[in-house]
Amino acid sequence: MSKRAATVFVCQECGAQSAKWLGRCPDCGAWNSLVEERPVETPLAAGTHRYASGSQASTAQLYADIALEHHARLTTGIDEFDRVLGGGIVPGSLILLGGEPGIGKSTLLLQAAANMARTIGPVLYCSGEESEHQIKGRGERLAVGDAPLYLLAETCLERILEEIARIRPSLVVVDSIQTVFSLKFQSAPGSIGQVREAATQLLFMAKNQNIPTLLVGHVTKDGSLAGPKALEHVVDTVLYFEGERHHAHRVVRAVKNRFGAVSELGVFEMTGGGLRPVANPSKMFLAERPVNAPGSAVLCTVEGSRPILVEVQALVSTSNYGSARRTANGIDPQRLSLLLAVLEKRAGLNLVGDDVFVNIAGGMTIDEPAADLGIIAAIVSSVRNRVIPATTAMFGEVGLAGEIRAIAKSSLRVREAVQMGFTRCLVPEANVDPALRSERCELVQVRTIGEAIDALLS
Ligand code: TYD
Ligand code: MG
């Protein structure tokens, strides 16, 4: 009896499999996400493994016998990009760069590819989205010049691997992984099976031939990578490109890095000549700060190893509609609700009939509790219509009892505030130690939100 080719339906959101088509994925609950996928079976010779090609058979080694490897990093020629990568690209690593369309992924990678072609040798840039001419058009703006950069407009994985074998590049860029398809699968490019196969094959290529590989990944509407979990597990490093298209600045964040710290941040500015690293982000984020405006506060946040001063703005106004609105941009809305509740209960503010809008200026996103004090200060400043002095910065976590709690890396934050010319800094009491003191900046220790409000607005 001949065996029917097994067809499975795979959820494109979570990768769950089902024998028949379903309107809703029983695992993750996504609607209309199941797609038919049918692998083309290739008979394997006895004893071989599909993925074992190219590598010599491996045997287990004793821990003590393994030499410690110091990863020599390859620099991309772009400081901020090197910084998020943890100091440059590790040879043989597979890196995924995700982000919304039009944010600048292709621009950044083309710049890095051109720089690296000049320093470490030929680079292969494969694009499934643009023709060679389109890429060249962009390259002219980025001054690629005569760097040994090979362009390949190709979406077939097997063809890409052939070209890699022919050119033997020092770096490969695949823009984007969702356009690549393998002849081994019949499902459409971008389906979870194809994406997983392409990423896995490229991973083996990168490891076996020690060629660092950068992949571009598209994000879905809710902001996660398409074919998400499958991809993030395969690669060594996951970077996300953030920012608003209406702003010139862009932030690249590491969310997973097998070779470095996560939550490291690179800041760029989109210019007519490509992405330009921003060496002093605090200066950029504070550049448009209004003078003498109530509802504006400056807080010190730390991203990875880097302190950044940002402005938080709040607007509290009487609600004219049935229910009051709470809008948070750049901070977690849940956190905002919590802080408002603390303000009502512990500082006696009555905000029930008010709309509250909070925004981190410049489109930054902050998710550390050290921002609490700044957010509260901006809200109170707006409610009381009183200005916080422009030379005051602050940081601290707010607890449910209205206490200001200590946070990590306080000396980094104070130093940055001093460097940016701030003369007064509100600091949680437990964070004040003599080493922090500086004659150029007065440190005001605060224990409760009441004390903080008095210190700011009196
Ligand atoms: P792109 O890298 O194509 O985005 P992605 O690959 O993430 O989809 O960048 C797109 C935007 O960047 C586009 O709107 C034009 C702008 N841009 C500049 O402002 N300056 C430049 O030098 C380049 C190359 C692009
Ligand atoms: Mg692109």
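Reply: In this predicted model, Asn210 lies in the loop between helix 5 (192–209) and strand 8 (213–218). Helices (H or I, at least four residues) and strands (E, at least two) are DSSP runs, numbered from the N terminus. Asn210 is not a glycine, yet has a positive phi of about 55°. Another loop, between strand 7 (171–175) and helix 5, holds Ser176. The peptide bond that leads from Asp175 to Ser176 is cis, with omega near 0°. Most residues other than glycine have a negative phi, and most peptide bonds are trans.

Residues are numbered from 1 along each chain as its sequence is written, while chains are lettered from A and ligands numbered from 1 in the order in which they are written. Local features need pLDDT of at least 70 and side-chain atom pairs pLDDT 80 or more, whereas totals for chains, interfaces and linings use all residues; side-chain values use heavy atoms, with hydrogens and water left out.

Now the ligand site. There are 16 residues around ligand 1, and Gly102, Ser106, Thr107, Thr271 and Gly274 come nearest (a residue is near if one of its heavy atoms lies within 4 Å). For Ser106, a side-chain N or O atom is 2.6 Å from an oxygen of the ligand, and for Thr107 the side-chain distance is 2.5 Å. The protein covers 74% of the 560 Å² of accessible area that ligand 1 has on its own (Shrake-Rupley method, 1.4 Å probe).

The shell has four nonpolar, eight polar and four charged residues (Asp, Glu, Lys and Arg count as charged; Ala, Val, Leu, Ile, Met, Phe, Trp, Tyr, Cys and Pro as nonpolar; the others, Gly among them, as polar). Helix 2 (105–120), helix 3 (132–141) and strand 11 (265–271) each supply at least two of its residues. Helix 2 gives the largest share, three residues.

Methods
Polar contact = N/O pair within 3.5 Å; in protein donor to acceptor, adjacent residues only side chain to side chain.
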